[in-house]
Amino acid sequence: MVLNSQRRIEADKWTTILCPKMETRLWENAEAGRTWAVRRSSCTVFEVFADYSVMIDLGQRKCSCRLWQIDGFPCTHAVAAILAKKDSVYDYVECYYSSDFFRKAYESPIFPIPDIGKGLGSNSSAAGVMLPPITKRPAGRPPTKRIKAFSEGTRPLKCSRCSVAGHNRKTCKAVI
């Protein structure tokens, strides 16, 4: 409840389109890809030459490094291609990274749950509180033998001397 309130107050101070951490990450990606060569293949497909060649499809929001598909946030290659196309980078970021989405997640309050022990008085049944049943421990020593399940059957006896089922070695009447 306290965390929800703190995050709501913190989010009201934000002036950026994305959450501050994501805004920082976006501009770090833009700065890292600023010197890379970007070649256009079609209106949405680009090839970015970083240390190696990477293909970006802005229409399907895919990059061959696969970072964009994993978290829905444009990777460094994608940001370089978006800036080369002169589009807004914010149009290619998933909506759940936006400040508005964060604010909506924390806008509904969490109501406190009152303490049950307070205000009960002597008439607890009138307050709507169900108390546990009064139980008494049964007399005698607690059982130590395991109760077998219904599916567990007993193993038939088998004589170790004559290998016949139905009796054991002690009661065997076979000739030695």
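In which order do the four strands of the open sheet stand? They stand in the order E1-E2-E3-E4, and the pairing is antiparallel. The views below come from a predicted model, in which local features need pLDDT of at least 70, side-chain atom pairs count only at pLDDT 80 or more, and totals for chains, interfaces and linings use all residues. Residues are numbered from 1 along each chain as its sequence is written, and side-chain values use heavy atoms, with hydrogens and water left out.

View 1. Strands (E, at least two residues) and helices (H or I, at least four residues) are DSSP runs, numbered from the N terminus, and two strands pair if DSSP finds at least two bridges between them. The edge strands of this sheet are E1 and E4, each of which pairs on one side only.

**View 2. The hairpin of E1 and E2.** Strand E1, residues 37–40, pairs with E2 in the antiparallel sense over four bridges, and a hairpin of four residues joins E1 to E2. Within this pairing, Val38 stands opposite Val48 in E2.

**View 3. The hairpin of E2 and E3.** E2 and E3 run antiparallel and are joined by five bridges, with three residues between them in the hairpin that they form. Phe49 has Ser53, in E3, as its bridge partner.

**View 4. The hairpin of E3 and E4.** Two bridges join E3 to strand E4, residues 62–63, and these strands run antiparallel, while Ile56 stands opposite Cys63 in E4. Four residues lie between E3 and E4 in their hairpin, and Arg61 in the turn has a positive phi of about 55°.

**View 5. The largest nonpolar core.** A nonpolar core is a set of buried Ala, Val, Leu, Ile, Met, Phe, Trp, Tyr and Cys residues joined through side-chain atoms within 4.5 Å, where buried means under 20% relative accessible area (1.4 Å probe, protein chains only). The largest such core has 21 residues, of which Leu18, Leu26, Ile56, Leu58, Trp68 and Phe73 touch the most other members. Helix H2 (20–32), strand E2 (45–49), strand E3 (53–57) and helix H4 (76–85) are the elements that give two or more residues to this core, and H4 gives the most, with four residues.

**View 6. The surroundings of Trp68.** Contact means heavy atoms within 4.5 Å, and residues up to four places away in sequence are not counted for Trp68 here. Among the residues that Trp68 touches are Ile56, Leu58, Arg61, Cys63, Phe73, Ala78 and Tyr92.

Methods
Buried means under 20% relative accessible area, exposed over 50%, partly exposed in between (1.4 Å probe, protein chains only).
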